[in-house]
Structure formats: structure tokens, C-alpha cells
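I opened this notebook to record what I looked up in the structure. The entries follow the order in which I took up each topic.

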Amino acid sequence: MAQSSGTLFVVATPIGHREDISARALETLRKVDVIAAEDTRNSGPLMHHYGIHTPLVPLHEHNERSITASLIQKMESGLSVALISDAGTPAISDPGAILVDSALTHGLRVVPVPGPSALTALLSVSGFSARQFLFYGFLPIKAGARSRALEALKGLQATLVLYEAPHRIQDCLAALAQVLGGERRVVIGRELTKLFETVHRTTLAEALLWVDADPNHQRGEFVLAVEGATQPAETDPARHDALLLALLEKLSLGDAVRIATQATGAGRKLLYERALKLTQG
Ligand code: SAM
């Protein structure tokens, strides 16, 4: 691994199947001085399986700020660090952004070692257009906030990708059907790359019945892809604001305006000015 000193490698690990790890990821994990892992107990078996003996330090959402300072010091002294999460790509609905941001701010080299993510794994088998998609991650837990978030996304013409916990999958699908309409198509990805992998494409109206019909359909890890709206959303300025606010929670101003423009059919300049106003106050 050339010129690794003082470098942060952001390394994707499997989302289930142990063999879904690149040769470059394994080489990187072997050669760095330290691996920052979301949960060292979870990553231990993977490291053991591949005979990787690099020291692990925990980096999770509760200690990311404090551990970042010491990892930056290590890299500034010439050591190399790899960041991994429990599964998939670090910083995608996982810790990592604080460390990466700090490394970049300190002028350190940050190198992606790409690989699996539940998001791209499902999109690739959804059959829905992924020319444009919105990755929302986890919807709000509370019913009211979840419905409001979905109302704002209702007119989005891009494919919507969501993560959901097994104990909330029924509530999530019910809310999706209620707000987006039962005829909209959805792909349910369950336990991707694992023994009980299931990819089920259906309508939102049928999805809840499918999950309810079999307790096994309620277990494991879930990622959902919902087909984009076919009709442009209404042009009511209040709804533009609601959509922009929801998008701005997760996206940069430019990306939020781009997606809102597509979703509403409204002028880009108009939405840009609205988005600026919303961010300023
Ligand atoms: N960083 C990860 C990635 O790149 O996909 C995501 C981490 S997020 C905390 C974990 C969520 O991802 C799970 O609750 C589930 O929604 C989704 N997920 C992870 N692995 C999965 C799998 N094998 N099958 C389906 N969904 C999965």
C-alpha cells in the first residue's frame, strides 16, 4: 500500500456475506496501524476470519468526537488509520462523518476503499430507475413526524430508498401506503447477501399483507426502495417549502434544489431563492 502514512482509509465491509470484501479492503486493513471500528466486538470475528491482527479501537456515535482528536494526532504523527462500521460503507447511516471531516480539515489524506452498502445492493436489483434516487435512511420514529416526512416526499419522481428496523417495518409500510398511495410499487430487501435473503417486489397495498402473512417476513434487516411518483407534485408554494425543508435536513442546498425542481416541476431559480430564505431563517 503506497504512501499510507498519515492517511485515513474509509473501508467498506460486508453487509452479510463474509466474502463480500475486496482484496484491497483486506490489504488495507492488514497494513494500517490502527482500525477504528464501530463495534470492536462485531468486527472481531471478521478480522479473525481473515487473519487480520491490526489493533482495533472503538469509534461509535457516542465517542466519535472524543476519539477523533486522538486519531487525528496519530495520523499527524505519520500513522495510518482505517475506518470501518458494523456493516457496509462507513458514514452511510453510520458514524464516520465527524472523523472524515476533521481529517480533511487537518489537511490529511482521506482515501475511500469502496464496497458494499445495503442502499446500492437493493437499488441494483430493484428494477426501478436509479438514474436519480433519494436515499433518506431511517424515517422519523414518531408517527406524526414520519407522516410529515412522507408527505414532503410524496411528489418525488426519483426512487426513494429507506432503511428500517424490523420492529418498525409494519408501521413503516402502513405509513408509506397511507401517504404515497397503495398502488405505488415497492421493493422490500430483507437480509441481503445472507442466508434468508429476500427481495420482494410488490405494491405498497400488498406489501403490508406480505409482511403480516409470515413472521419470518418481519425478521432481519430491511431496506426498501419505493418507485418515484409518476405525476408532478402540486405547485402550492407551501408544499414547495415543506419539500425543501425535508430535503435540506439531509442534503446540501444545491442537491435539495435540484431534487425539488425535478419533483415539483417548478422553476429552479424560484426554488433556489425559497431554499436560501429557508436556510437563512
Ligand atoms: N452503513 C450501512 C450500509 O452501507 O448499508 C448501513 C448502516 S445502518 C446503521 C443499518 C441498516 O442498514 C439496517 O437497519 C438496515 O436497514 C440496512 N441494512 C444493513 N445490512 C442490511 C442487509 N444485509 N439487508 C438489508 N438491509 C440491511
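This is a predicted model: local features need pLDDT of at least 70, side-chain atom pairs count only at pLDDT 80 or more; totals for chains, interfaces and linings use all residues.

**Entry 1: Helix H1**

I began with helix H1, residues 23-31, and found that its buried residues are Ala25, Leu26, Thr28 and Leu29. I then looked down the axis of H1: the buried residues fall within an arc of 160°, so they line one face of the helix. I noted for comparison that an α-helix has 3.6 residues a turn, so residues three or four places apart point the same way.

Next I asked what covers the buried residues of H1.

**Entry 2: Domains**

I consulted the domain assignment of the protein chain, which gives domain 1 as 7-116, domain 2 as 119-226 and domain 3 as 241-280. I looked up the C-alpha centres of domain 1 and domain 3 and found them 33 Å apart.

**Entry 3: Helices H6 and H7**

I turned to a pair of helices. Two packed helices are described by the angle between their axes and the distance between the axes. For H6 (residues 143-153) and H7 (residues 169-180), I found that the axes come within 10 Å and cross at roughly 45°. H6 and H7 are therefore oblique to each other. I also noted that H6 passes H7 in a right-handed crossing. On the H6 side, the contact is made by Arg146, Ser147, Leu150 and Glu151. On the H7 side, I listed Asp171, Cys172, Ala175, Leu176, Val179 and Leu180.

**Entry 4: Glu191**

I located Glu191 in the loop between strand E8 (185-190) and strand E9 (198-203). Is Glu191 buried or exposed? Its relative accessibility is 16%, and residues under 20% count as buried, so Glu191 is buried. Setting aside residues up to four places away in sequence, I found that Glu191 touches Phe196, Glu197, Arg219, Gly220 and Glu221.

**Entry 5: Ala275**

My last entry concerns Ala275, which lies in helix H11 (residues 268-280). With 0% relative accessibility, Ala275 counts as buried. I looked for its contacts, leaving aside neighbours within four places in sequence, and recorded Leu244, Leu248, Leu253 and Val257. I also looked up the separation of Ala275 from Ala256: the two residues are 19 residues apart along the chain, and their C-alpha atoms are separated by 8.1 Å.

Notes: Residues are numbered from 1 along each chain as its sequence is written. Side-chain values use heavy atoms; hydrogens and water are left out. Domain bounds come from an automatic or database domain assignment. Buried means under 20% relative accessible area, exposed over 50%, partly exposed in between (1.4 Å probe, protein chains only). Helices (H or I, at least four residues) and strands (E, at least two) are DSSP runs, numbered from the N terminus. The arc is that of the directions from the helix axis to the C-beta atoms. Contact means heavy atoms within 4.5 Å. Axes are lines fitted to C-alpha atoms, for helices over the stretch in contact, and angles run from 0 to 180 degrees between N-to-C directions. Angles under 35 degrees count as roughly parallel, over 145 as roughly antiparallel, 65 to 115 as roughly perpendicular and the rest as oblique. A crossing is left-handed if the near helix is turned anticlockwise from the far one by less than a right angle, and right-handed if clockwise.
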